[in-house]
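Okay, thanks for having me, everyone. Let me put the structure up and then walk you through a strand and a few charged pairs.

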Amino acid sequence: MGQDNPDLGLIWQRILGELEVSMSGHSYKTFLQSTDLVAISTAGDEATISVPNPFSSAQIKSRFEMRLLESLQTHFPKLRKLTYKVIAPAGKKTPGQAETSSEAALDFGPSPSPTSQSKSKSQQQSNIFDGQSHLLTRYNFQNFVVGASNRLAYSAGKLVAEKPGTNYNPLFLYGPAGVGKTHLMWAMYGELKRLNPDLELLYITIEEFYKTFVDSVRKSEAFTNKYREVDVLFVDDIQFIKKKETTQEEFFHTFNSLHQANKQIVICSDRPPKEIPELEERLRSRFEWGMVVDIQPPDLETRVAIIQEKAEARRFAISLEVAGAIAEHISTNIRELEGGFNRVLMHCDLHNVPATLEVVEEVLGGEAQRQSSRKKASPRQVITEIARYYGVSVDDLLGKKRSRDIVMPRQIAMYILRSELDLSYPQIGSHLGGRDHTTIMHGCEKIGNLVSKKDAIVHDLKDVRIRISQERVLA
């Protein structure tokens with residue numbers, strides 16, 4: 001291996017900064033926070049990363065290696081391999097020591113120790129807000145760039161922070177990854193704490209709620225008060241709610257208890273309540289009691305403003321023209337936009353050059369092509385390729401035939417148009433012969449259930465997706 005490079009630490013911190021924005025706080029803190037980039041081989045094709053224990057290296061390799069490799073390749077284009085070196089931090093417990101199972105360490109962080117029983121129940125819960133206050137400087141209302149795509153969500157978040165439990169309760173935020181839901185959540189938390197320091201605030205994922213409930217049943221412990229004594233409850237990833245009657249019933253009662261006590265509930269999802277197939281109707285209706293608002297990817301003007309705000313925060317000189325060039329290269333979401341800006345900033349820091357249009361083109365020149373290669377197929381391409389795969393005609397898929405050899409491909413088309421192209425049920429219906437949204441919803445749910453049961457259809461879906469991807473590249 002080559003000698004350590006004095007710039008490796010800076011590069012690694014920038015990469016971790018990008019990853020921290022895109023993943024759960026628990027996973028980041030457990031597996032990546034204690035890592036370091038310690039060496040790059042002389043040939044530049046292999047990187048060595050220090051990890052605190054073998055368990056962390058195994059989890060990083062299986063869950064994050066491709067993302068790490070992709071980020072490192074922006075700085076070391078020849079890089080093809082990552083190796084891991086165990087260097088246990090002095091005086092620190094490894095992730096496996098705080099838990100009785102690796103699954104618990106993986107998703108939810110350490111359990112409360114027996115000596116902490118005097119703490120309030122809300123303090124005993126795994127909480128992203130605990131020990132992460134440094135994120136308040138990164139995510140607040142002051143640096144949340146408001147545009148047409150997020151103005152309503154921003155206004156609703158501000159009102160919730162100022163008057164929790166009143167007008168918008170619950171507040172249901174939804175939108176694709178990387179559009180600012182996490183930023184808005186932290187902004188609400190910071191403002192709530194500033195205006196009401198004594199409020200008990202708690203963040204959970206729906207998977208954590210499920211796990212805690214299952215553990216309490218297994219251990220014959222009381223569960224009812226675990227989440228009902230907080231003043232504001234943030235629930236993330238509600239789209240992953242499990243279709244289990246007891247779990248949804250417990251969440252239903254928790255929701256009712258908080259709502260009736262005028263305690264604020266904030267829920268985040270990648271889709272609206274009516275488009276979460278696993279969700280019981282009684283929960284769906286309650287989620288829609290308050291305010292349901294979407295956050296969409298930012299338009300060009302907002303992306304330019306985001307770049308300028310990031311540059312100002314980093315005291316990095318950048319012209320409007322250069323900010324516009326970065327924004328034009330990356331149009332997907334804020335997370336990738338910030339990553340592109342960080343790559344430009346890193347290039348300028350390492351080479352001691354100002355940010356120019358030439359630098360943007362050098363660093364991000366391939367980004368537009370990469371994004372183009374990731375562009376979604378059109379609905380017609382999806383339907384045509386599915387018809388070709390199953391040996392039926394497009395007219396049959398769009399028509400009224402209800403034989404099994406037609407219905408199944410038609411429902412797969414519904415499922416892929418929903419999961420891959422993120423079309424609404426009415427939009428999918430219009431592309432499939434004018435079918436109503438309830439028919440589309442039923443078809444998506446049926447295929448989704450088969451997928452969850454690991455039915456043989458999973459292999460068909462994989463093959464169809466590959467064919468659609470290949471067709472898009474050749475088009």
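**A strand and some salt bridges**

So, Phe172 stands opposite Val292 in β8. Before I go on: this is a predicted model, where local features need pLDDT of at least 70, side-chain atom pairs count only at pLDDT 80 or more, and totals for chains, interfaces and linings use all residues. Residues are numbered from 1 along each chain as its sequence is written, and side-chain values use heavy atoms, with hydrogens and water left out.

Back to the strands. β4 (residues 171–174) and β8 run parallel, joined by 4 bridges; two strands pair if DSSP finds at least two bridges between them. Helices (H or I, at least four residues) and strands (E, at least two) are DSSP runs, numbered from the N terminus. Buried is under 20% relative accessible area, exposed over 50%, partly exposed in between (1.4 Å probe, protein chains only).

Now, how many salt bridges does a search of the whole structure find? It finds 12, counting a side-chain nitrogen of Lys or Arg within 4 Å of a carboxyl oxygen of Asp or Glu.

One is Arg228 with Glu250, at 2.6 Å, N to O. Arg228 sits in the loop between α9 (206–218) and β6 (232–236), and Glu250 in helix α10 (residues 245–260), 22 residues apart. Glu250 is buried, at 12% relative accessible area.

Another is Lys310 with Glu338, at 3.7 Å, N to O. Lys310 is in helix α12 (residues 300–313) and Glu338 in helix α14 (residues 334–351), so this pair ties together parts 28 residues apart in sequence. Both Lys310 and Glu338 are buried.
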